[in-house]
Amino acid sequence: GSVFAHLVQAPEDPILGVTVAYNKDPSPVKLNLGVGAYRTEEGKPLVLNVVRKAEQQLINDRTRIKEYLPIVGLVEFNKLSAKLILGADSPAIRENRITTVECLSGTGSLRVGGEFLAKHYHQKTIYITQPTWGNHPKIFTLAGLTVKTYRYYDPATRGLNFQGLLEDLGAAPAGSIVLLHACAHNPTGVDPTIQQWEQIRQLMRSKGLMSFFDSAYQGFASGSLDTDAKPIRMFVADGGECLVAQSYAKNMGLYGERVGALSIVCKSADVAGRVESQLKLVIRPMYSSPPIHGASIVAVILRDKNLFNEWTLELKAMADRIISMRKQLFEALRTRGTPGDWSHIIKQIGMFTFTGLNPAQVSFMTKEYHIYMTSDGRISMAGLSSKTVPHLADAIHAVVT
Ligand code: PLP
């Protein structure tokens, strides 16, 4: 018999498994609201025009080679990524006290940052929001950190439990690491206000808590790259240290290219240099060096003023379509007289709406309406279109009445 005969069949990933189930359903009205990827009004994946242009430039350039990148990735990409997230005028960049390494999208950036902290930071506990993206606890546990949660979402208001958040972070041991969603919190779509961010910053700095920002949706929440980076820039402006994981999956539509960056803002250029040398020791045995293609696309777009401007317009168009889907769904429920307060659909931010539907209701909607979503009631607004909103509204109406 096989030496692996004792293995049990592992469950599907709770998020990716939704698409597996969707693909098996032959119904013509089936709707996949589980996937965290942008879709056009026609329900199709979108390759941005600027990405096509950048790829054409890369193809036309016959001097390009396919040698290995350095362990830290494409250096120009790293510099441009730091500028994008921290702002061109950032004191940390000016003072050269930041190190940025190209990683495998947001997930890889979180994993490398997590392993670096587990190896070199005195506190091994990371606090993540309750709830959070399902991969977070697994990434940080495998990185060697101890994962704990802090209160974040209030089911009663379908908004932020700010008091609970302050209490939990206030009670965390000094120096603990805190994972913060920079914008468009996944899965709840609930973000602190700028005033609340300022209170969080003051509390964290006063307790010496280490901030680790997960920025998977810069520009996708508000439509503005600068607005969505504001919380991070507040934490950098005070001169303190922090980590930032960036992903280009959503905002440049580069999902499968796996392109992202980890930045560590330090107190001095000297420390930043030593941090980078240790990051290389984390990366080298993990995957040696990152891929070249996606980072090259990003560098072409970020370095060229015209392409950059074109990108911001395409990004804004994606964000606007999602916001429009929120309004249409909200209106459709109002028209049907669906019981309950559904204003959270238009108040929440980013790709997802945390509907408040429970697992039994989700299961009913899948069975009777062929609508697929994660069992926590999270729906991807990007998976909706004007054509499919009525079907979703009918299903929600049926399940709550
Ligand atoms: N962080 C959050 C909160 C996310 O929602 C995602 C993607 O869904 C990621 C990180 C990482 O995505 P990727 O590894 O595709 O960049």
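Figure 1. Helices (H or I, at least four residues) and strands (E, at least two) are DSSP runs, numbered from the N terminus. The model is predicted: local features need pLDDT of at least 70, side-chain atom pairs count only at pLDDT 80 or more, and totals for chains, interfaces and linings use all residues. Residues are numbered from 1 along each chain as its sequence is written.

**Figure 2. The open sheet of seven strands.** The strand order is β2-β10-β9-β8-β7-β3-β4, with mixed pairing; two strands pair if DSSP finds at least two bridges between them. β2 (98-104) and β4 (146-151) stand at the edges with a single partner strand each, so one side of each has no neighbour in the sheet. On average, neighbouring strands of this sheet are turned by 25° against each other, direction ignored; the axes are lines fitted to C-alpha atoms, for helices over the stretch in contact, and angles run from 0 to 180 degrees between N-to-C directions. β2 and β10 (residues 259-265) run antiparallel and are joined by seven bridges. In this pair, I98 stands opposite V265 of β10.

**Figure 3. The shell around the ligand.** Surrounding the ligand are G36, S105, G106, T107, W133, H181, N186, D214, A216, S247, A249 and G260; a residue is near a molecule or strand if its C-beta atom, placed from the backbone, lies within 6 Å of it. Helix α5 (residues 105-120) supplies the largest share of this shell, three residues. By type, the shell has three nonpolar, eight polar and one charged residue. Ala, Val, Leu, Ile, Met, Phe, Trp, Tyr, Cys and Pro count as nonpolar, Asp, Glu, Lys and Arg as charged, and the others, Gly among them, as polar.

**Figure 4. The loop between β7 (177-181) and α8 (194-206).** P187 lies in this loop, and a cis peptide bond with omega of about 10° joins N186 to P187. A184 lies in the loop between β7 and α8 as well. A184 is not a glycine, yet its phi is positive, about 55°. A184 counts as buried because it has 26 C-beta neighbours inside 10 Å; buried means 20 or more other C-beta atoms within 10 Å of a residue's own, exposed 12 or fewer, and partly exposed in between, with C-beta atoms placed from the backbone.
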